[in-house]
Amino acid sequence: MRNEHDGTFAEIVREMDTAIERGYIVFQKFTCGGCGARQNMDVPNSLYTSGHCEECGHVTNLQQDGCGFKAVLATEPFYTKVLWKDEGENWGKVYFYRDDKILNDEAWMPKDQARRTAAQLHATFEEG
Ligand SMILES: [Zn+2]
């Protein structure tokens, strides 16, 4: 049950790789196999083989059903901010800002990944 907006998993893996090589930051997207809701992954430049729906709780097999992604172009002016969890700063939440508006869905990620992501991100959302 593949959504018309999605590609096959293999196609999307190739397209995400190409976009990253060109300096984009990518977020995987998918269509829930249970309720049909469009879902976005929170962690940049990450690929998931299954997706949990925040609307209905269904887990979709993305290798079987396919997926999509959105690309974020690296440009100025743009800034990011990392919020650290208190204990030992082991987890960070990276926010993308433009004109004081938060653009992304935040997700907690390990410290090193949060630092890398923040360093990488000077970006403007280009595509939905
Ligand atoms: Zn759902």
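**Figure 1. The secondary structure of the chain comprises three helices and ten strands.** This is a predicted model. Starting at the N terminus, the elements follow the order α-β-β-β-β-α-β-β-β-β-β-α-β. The chain has 128 residues, and 25% of them are buried. Take the contacts between residues at least 6 apart in sequence: 52% of these link residues at least 24 apart.

**Figure 2. Strand 1 covers residues 24-31 and is largely enclosed by the rest of the structure, because eight of its eight residues are buried.** Here is how its side chains are arranged. Tyr24, Val26, Gln28 and Phe30 point one way, while Ile25, Phe27, Lys29 and Thr31 point the other way, and all of them are buried. In a regular strand, side chains alternate between the two faces of the sheet.

**Figure 3. Strand 1 forms a hairpin with strand 2.** Strand 2 spans residues 38-40, and its pairing with strand 1 is antiparallel, over three bridges. Within this pair, lysine 29 sits opposite asparagine 40 of strand 2. Six residues lie between the two strands, and in the turn you will find glycine 36 with a positive phi of about 85°.

**Figure 4. Isoleucine 20 belongs to helix 1, which runs over residues 9-21.** Isoleucine 20 has 15 other C-beta atoms within 10 Å, so it counts as partly exposed; a buried residue would need 20 or more, and an exposed one 12 or fewer. Setting aside neighbours within four places in sequence, isoleucine 20 makes contact with Val26 and Asn45. Leucine 73 is 53 residues away from isoleucine 20 in sequence, yet their C-alpha atoms are 9.6 Å apart in space.

Note on methods
Residues are numbered from 1 along each chain as its sequence is written. This is a predicted model: local features need pLDDT of at least 70, side-chain atom pairs count only at pLDDT 80 or more; totals for chains, interfaces and linings use all residues. Helices (H or I, at least four residues) and strands (E, at least two) are DSSP runs, numbered from the N terminus. Two strands pair if DSSP finds at least two bridges between them. Two residues are in contact if their C-beta atoms, placed from the backbone, lie within 7 Å.
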